[in-house]
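The following exercises concern one protein model. Each task is followed by a solution worked in steps.

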Amino acid sequence: GEYDILLFGVTGFTGKLATEYLKEKNYPIKWGVCGRNAAKVKDVLDKLGVDCPIEVADLVVEEGSEPYETLRGVVKKAKVVLTCAGPFERYGLALVRLCVEEGIHYADITGESDFVRSNIDQYHLKALEKGACIVSHCGNDCIPWDATVHAMFKLAKDKGYTLQECSTFTELPPTVAASGGTITTALYQLGKKREGKGEGTFDALLMTNKGDKSEFAMKNTSPKGTKEFAELKRSGEPWIMAPVMANCVRRSNALLGYNELLVYSECKLLPLNGSWWMRVKETSYNLLVGASVHLPFLSGLLVQPGEGPEREEMEKGWLKVYGMGLMKKGDEEAKINTTFSFIKDTGYLQTAHMLVEAGMLLVQNSKSNTCVPGVVTPAVAFGGEIVSRLESTIGAKFEIEVVPDGDLDSFLAWSK
């Protein structure tokens with residue numbers, strides 16, 4: 001290919017951050033960007049001080065049309081395609097299809113489970129045939145959670161145990177802002193009509209490399225209301241991304257075989273010193289987003305596409321994902337504790353970084369012919385490599401330890 005990496009969605013908020021990061025890292029690769037409007041793309045690049053090739057193609061195209069073939073010609077120039085252009089059900093369908101058809105590796109930052117299901121259903125077997133690695137969820141949705149569960153599985157397996165249960169607990173800064181792209185995706189998802197699965201069909205997330213239903217299922221026990229966790233001496237609650245994390249883990253389990261009935265849960269920890277006013281503001285904004293689905297004129301009050309949190313706010317951001325696992329070997333059992341820490345905002349800034357680093361792994365693995373084909377997750381595509389890479393490139397830190405049953409002091413020390 002003409003490009004090691006070709007980046008789509010560069011005029012959006014996260015796409016700009018990914019472009020900036022590629023410039024900053026200055027990896028010894030050939031890379032370029034693609035957009036629908038060359039002038040707008042050039043304006044973004046000029047403001048970022050980036051000098052790289054620009055390709056022009058539309059992402060919303062009908063199969064067989066001239067714009068579709070134009071997009072195919074652009075895709076064929078790349079070894080790896082990265083995209084930040086969402087909503088992905090609107091802007092990603094043709095791109096995935098063409099990457100599969102041409103055997104081009106692909107990664108995105110989607111948190112849209114229906115988009116992933118559709119890609120598995122239509123393209124997983126074809127991607128296996130063509131040797132294309134199609135890996136979604138390569139940002140804040142869902143690398144920290146997917147990698148955490150995979151690390152627990154790997155540790156348990158290496159010690160001769162089986163991972164039985166795992167729970168993740170997400171701790172976020174008290175002020176987490178959304179970008180215009182995220183709001184647009186939320187409105188798109190909330191407003192679309194959904195159809196139930198046909199009789200005799202199964203969840204595409206469970207599809208194996210043979211096209212049948214995996215024997216490795218997952219039970220989602222995420223709380224449906226506020227819950228006290230005695231082990232953590234903290235309370236947690238449901239949040240909008242918990243089902244997305246669970247679906248990603250479900251797909252990883254189906255392909256990697258963590259357990260025939262893995263029990264998984266995810267929740268957001270309530271702030272230790274959270275104010276009632278912050279909760280009111282967060283709830284009010286969520287209600288505004290929901291109301292905008294039915295009253296579109298309200299969307300003008302929301303953050304617009306291309307906009308997002310201030311840079312200073314993102315630099316001060318952070319994320320901690322705590323994990324608790326239970327592994328068994330016969331009658332013997334032990335607990336696993338993990339912490340995955342990020343030192344900047346992961347919603348946008350380090351999502352862009354994670355996507356680029358996932359792309360670099362795809363470039364690296366394509367050279368050694370070790371890319372995992374199919375429509376897969378970060379855990380399936382990269383295993384523990386993605387954790388090591390994020391630790392060495394963006395300041396993330398992953399910790400994992402085994403806590404013998406009954407060692408309460410060690411457990412409490414971790415949970416603090």
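Predicted model: local features only at pLDDT ≥ 70, side-chain atom pairs only at ≥ 80, totals over all residues.

**Exercise 1.** Describe the packing of helices α12 and α14.

*Solution.* Step 1. Helices are DSSP runs of H or I with at least four residues, and strands are runs of E with at least two, numbered from the N terminus; the protein has 15 helices and 15 strands.
Step 1. The axes of α12 (residues 349-367) and α14 (residues 385-393) come within 10 Å and cross at roughly 120 degrees. Axes are lines fitted to C-alpha atoms over the stretch in contact, with angles from 0 to 180 degrees between N-to-C directions.
Step 2. The angle therefore makes α12 oblique to α14, since angles under 35 degrees count as roughly parallel, over 145 as roughly antiparallel, 65 to 115 as roughly perpendicular and the rest as oblique.
Step 3. The crossing is right-handed (the near helix is turned clockwise from the far one by less than a right angle).
Step 4. In this contact (heavy atoms within 4.5 Å), α12 contributes M354, E357, A358, M360, L361, Q364 and N365, while α14 contributes E385, I386, R389, L390 and T393.
Step 5. These residues divide into six nonpolar, three polar and three charged (Ala, Val, Leu, Ile, Met, Phe, Trp, Tyr, Cys and Pro are nonpolar; Asp, Glu, Lys and Arg are charged; the others, Gly among them, are polar).

**Exercise 2.** Is A147 buried or exposed, and which residues does A147 touch?

*Solution.* Step 1. A147 lies in helix α7 (residues 143-158).
Step 1. A147 counts as buried because its relative accessibility is 6%.
Step 2. Leaving aside residues up to four places away in sequence, A147 touches F340 and V387.
Step 3. The C-alpha atoms of A147 and I386 are separated by 7.8 Å, although the two residues are 239 residues apart along the chain.

How values were computed: Residues numbered from 1 in each chain as written. Heavy atoms only, no water. Buried < 20%, exposed > 50% of the residue type's maximum accessible area, 1.4 Å probe, protein only.
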